[in-house]
Amino acid sequence: MKTRFGLAMAAALMLGGGAAIAQTLPDYMAPISGKTNAAPGDIATRDVLALNTAMFELYDDAAKVFQKNILDKHPVILGLFSGAGGRLILYRPGQPPLDAPQVPVVYQLLKSVGHSTMALAEVVGPYLDNPDNKSWRGAMLAFRSRMQSALDSLDATPMQADWRDNNRTILKNNIAFMDECLASGVIPFAKLEAFGKQQAPFLARNVAWAAQTQVAHWMGVLADWKAQLGPDWEKTYAASNTIYVTRQNNVIFSVLAQFFGPDAVNSRLLLIETVSFTTTPADMLESLTRIIADRSVGALFFGNYHLMDYELMGGDGRAAIVAETAKRGMTPFLPPLVPFGSRQWPTLVTPGPGPATIADLK
């Protein structure tokens, strides 16, 4: 009993007990004791804000149940970006996840040669027209060694003859450019610019062949999966991830759209933006679950199933922006209003002048 009383007293003192009690504290309690004051308004604010924190905790617990319910009722396809041409996973109710075969390795070979060429601009970029700085030489010598090894082994790679010839030319031009820079000890911008123009048509062929390889592969996979699922295809969800630079004309999403059709876009077929090129299946499933679950909440409270696909405050925020810009004599600059549940392609869709493909640049 005495021990419990002592602990209770210590707790009271540490929490800022009355002044009469605090005066009896031993010296060793002095560093951590003291009277604390909290304004009623601060306490009230904290108590209300705690509701939002608790909401996220409750949602995380519920999301696990939501995700199980979705996977128990609906097939789900995840399309994840990867350096190997992507990864597609099929989740079927009551069955283990099915990973699709990888894109043929020639896709990676084509991209590797193309990236190695464009990387040269990154290697030399900080040192253009600067003959006094030779710190680039070590990196270039090491890269040249790798480039030569790739050229020497190119004939043994699984690549058709005409593609191999194109890549041999790219690698030889890379090595010639590096040798010229190393010999002269300086990298004039004019030399780099001429190198870029020399390599552009060969690189464009690699881009086209890599795209053809990737698209043909995934079209075949999805055709097989659609046949396997039969009528269940009409209740299948699919999502692919993207970051800003791969958002427009996203290859995996575009291939998925050919099989899902326009009515599924933004409904059962989703493009989920992530903060890096790669993500995990778990994170993708979590995002997909949140989107589907929030739709039911929107329908419950506001009577619209797709309301929560949009920024909930977006409409009122838009009105507020119009009002605030008017006060400041500004003209509001806002996107057009689109209806909840729009099936519009989830990337830039407004046509305009200027090149839109590599072929347009010729």
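Leaving aside its neighbours within four places in sequence, which residues is F260 in contact with? In this predicted model, F260 touches I77, W233, T236, Y237, A238, R268 and L269, once those sequence neighbours are set aside. F260 also belongs to the largest nonpolar core, a set of 30 residues. Together with F260, the residues with the most contacts inside this core are I77, L88, L222, W225, L256 and L269. Two or more residues each come from the elements β2 (87-91), α4 (106-124), α7 (189-229), α9 (251-260) and β5 (269-273).

With helix α6 (residues 161-184), the axis of α4 comes within 11 Å and crosses at roughly 20 degrees. An angle under 35 degrees counts as roughly parallel, and α4 and α6 are therefore roughly parallel to each other. The crossing of these two helices is left-handed. On the α4 side, the residues that meet α6 are V106, L110, V113, S116, T117, L120 and V124. Their counterparts in α6 are W163, N167, I170, L171, N174, F177 and M178. Sorted by class, this contact of α4 with α6 comprises 10 nonpolar and 4 polar residues, with no charged residues.

From α4, the contact draws on V106, Y107, L110, K111, V113, G114, T117, M118, L120, A121 and V124. From α7, it draws on L192, F195, Q199, L203, N206, W209, A210, T213 and Q214. The residues of the contact of α4 with α7 divide into 13 nonpolar, 6 polar and 1 charged.

Next comes strand β4 (residues 237-242), which holds S240. Is S240 buried or exposed? The relative accessible area of S240 is 1%, and the limit for a buried residue is under 20%, so S240 is buried. Apart from neighbours within four places in sequence, S240 has contacts with G79, N250, I252, F253, L256, L270, L271, I272 and M284. Of these, L256 is also one of the residues with the most contacts inside the largest nonpolar core.

Most residues other than glycine have a negative phi. N249, in the loop between α8 (244-247) and α9, has a positive phi near 60 degrees. In the loop between α9 and β5 lies N266, whose phi is likewise positive, at about 70 degrees. Their accessibility places them in separate classes: N249 is exposed, with a relative accessible area of 55%, whereas N266 is buried at 19%.

Finally, consider L141 in helix α5 (residues 137-153). Its relative accessibility of 44% makes L141 partly exposed. How far apart are L141 and E324 in sequence and in space? The two are separated by 183 residues in sequence, and their C-alpha atoms are 58 Å apart.

Notes
Residues numbered from 1 in each chain as written. Predicted model: local features only at pLDDT ≥ 70, side-chain atom pairs only at ≥ 80, totals over all residues. Heavy atoms only, no water. Core = buried A, V, L, I, M, F, W, Y, C linked by side-chain atoms within 4.5 Å. Buried < 20%, exposed > 50% of the residue type's maximum accessible area, 1.4 Å probe, protein only. Helix = DSSP H or I, 4+ residues; strand = E, 2+ residues; numbered from the N terminus. Contact = heavy atoms within 4.5 Å. Axes fitted to C-alpha atoms, helices over the stretch in contact; angles between N-to-C directions. Parallel < 35°, antiparallel > 145°, perpendicular 65-115°, else oblique. Left-handed = near helix turned anticlockwise from the far one by under 90°. Nonpolar A, V, L, I, M, F, W, Y, C, P; charged D, E, K, R; others polar.
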